[in-house]
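Hi there,

Here is the structure I promised to pass on to you. Have a look at it in your viewer while you read the notes below.

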Amino acid sequence: MTALPSAPETRSAMLRALVSRSALASGAARAVAAAGPGVADLRRDAWGHGLAETARIAAGAGARAMRVDGADQVALLAAEGIAATYEEQPDLDPRLLYGLPDAEGTLPGEPAMRVVGRVLSTKPIAAGSGVSYGYIHRAPADSRLALVTGGYAQGIVRALGSRASVEIDGLVHPIVGRIAMDVCVADIGEAEVEPGAEATYFGGTGPLAAGLAEWARVTGMTVGELVAVVGQRTERAWVA
């Protein structure tokens, strides 16, 4: 029986949502070009991307107003001279704005958000040994496992266990076994993976840029729901 235990240093801050200002600015420009200077949907903390900075970027791209969740957010943005409403319906395409994939995994541009964890440790696993809680996955052959930060407490939905992947050093590795509260396990095979290596769940420009489309297919949730949950439950950081 082989299962990687969660490490004591594991915490939600070790899964990060990196939001690219340049990708969001490009997405906002696409959305405004497609529909004119309309209303951008910034509910649910700008779909997990961060309300205030997203509003600044969308306004800079020509959005007329921001749809938010309530009067307090209208006042917050008004203090910066940004028009907002909690009644008017948004008409700018959020898929264009945030760079989200459609059901087929086609992206309109670079995703604004990339969600990344870290490899905590690696270890070998023998053929037939079980992984994670309940051992719903058993290794079909001798291999190696990586313990990666990110679990259901941060929005890595439990249904993704043994059905989704992470990208480490440019290679895609399947998540195996159940998703735990703060970590999951990836089968890395013979790949040379070092502790501390970055693991991408979705977004960016790599092989899992459109990974949210597969998440939506597996979970039955929408891409918007998934990105909003992860964005609000992780440590968020703005990048160029």
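Predicted model: local features only at pLDDT ≥ 70, side-chain atom pairs only at ≥ 80, totals over all residues.

What follows is a short tour of what turned up in it.

First, the ground rules. Residues are numbered from 1 along each chain as its sequence is written, and side-chain values use heavy atoms, with hydrogens and water left out.

Helices and strands here are DSSP runs numbered from the N terminus (helices are H or I with at least four residues, strands are E with at least two). Two strands pair if DSSP finds at least two bridges between them. With that in mind, there is an open sheet of 3 strands in the order 2-3-4, with parallel pairing. Strand 2 and strand 4 (84–85) are at its edges and have a single partner strand each, so one side of each is left without a neighbour in the sheet. Strand 2 runs parallel to strand 3 (residues 65–67) and is joined to it by 3 bridges; A40, for instance, has M66 in strand 3 as its bridge partner.

D41 also sits in strand 2 (residues 39–41). Is D41 buried or exposed? D41 counts as buried because its relative accessible area is 8%, and the cut-offs are under 20% for buried, over 50% for exposed and in between for partly exposed (1.4 Å probe, protein chains only). The side chain of D41 makes a polar contact of 2.9 Å with the side chain of R43. A polar contact is a pair of N or O atoms within 3.5 Å; within protein, one must be able to donate a hydrogen and the other to accept it, and residues adjacent in sequence count only if both atoms are side-chain atoms. If neighbours within four places in sequence are set aside, D41 is in contact (heavy atoms within 4.5 Å) with W47, R67, P90, L97 and Y98.

**Strand 5 and its partners**

Strand 5 (residues 113–125) pairs in the antiparallel sense with strand 1 (residues 16–20) over 4 bridges, and L18 has R114 as its bridge partner there. With strand 8 (residues 143–149) the antiparallel pairing of strand 5 has 6 bridges, and V119 is the bridge partner of V148.

V116 is a residue of strand 5, and it is buried, at 3% relative accessible area. Its C-alpha is 6.5 Å from that of A17, although V116 and A17 are 99 residues apart in sequence. Beyond residues up to four places away in sequence, V116 touches M14, L15, R16, L18, E198, A199 and T200.

**D102 in its loop**

D102 lies in the loop between helix 5 (94–98) and strand 5. D102 is partly exposed, with a relative accessible area of 23%. The side chain of D102 reaches the backbone nitrogen of E104 at 3.0 Å. Its contacts, leaving aside neighbours within four places in sequence, are R95 and A213. D102 and A213 are 111 residues apart along the chain, with their C-alpha atoms separated by 6.5 Å.

**Helices and backbone angles**

In helix 3 (residues 51–60), the buried residues include L51, T54 and A58. An α-helix has 3.6 residues a turn, so residues three or four places apart point the same way. After helix 3 comes G62, with a positive phi near 110 degrees.

A46 is in helix 2 (residues 43–47) and is buried, at 0% relative accessibility. Y135 belongs to the loop between strand 6 (130–131) and strand 7 (137–138) and is partly exposed, at 26%.

Happy viewing!
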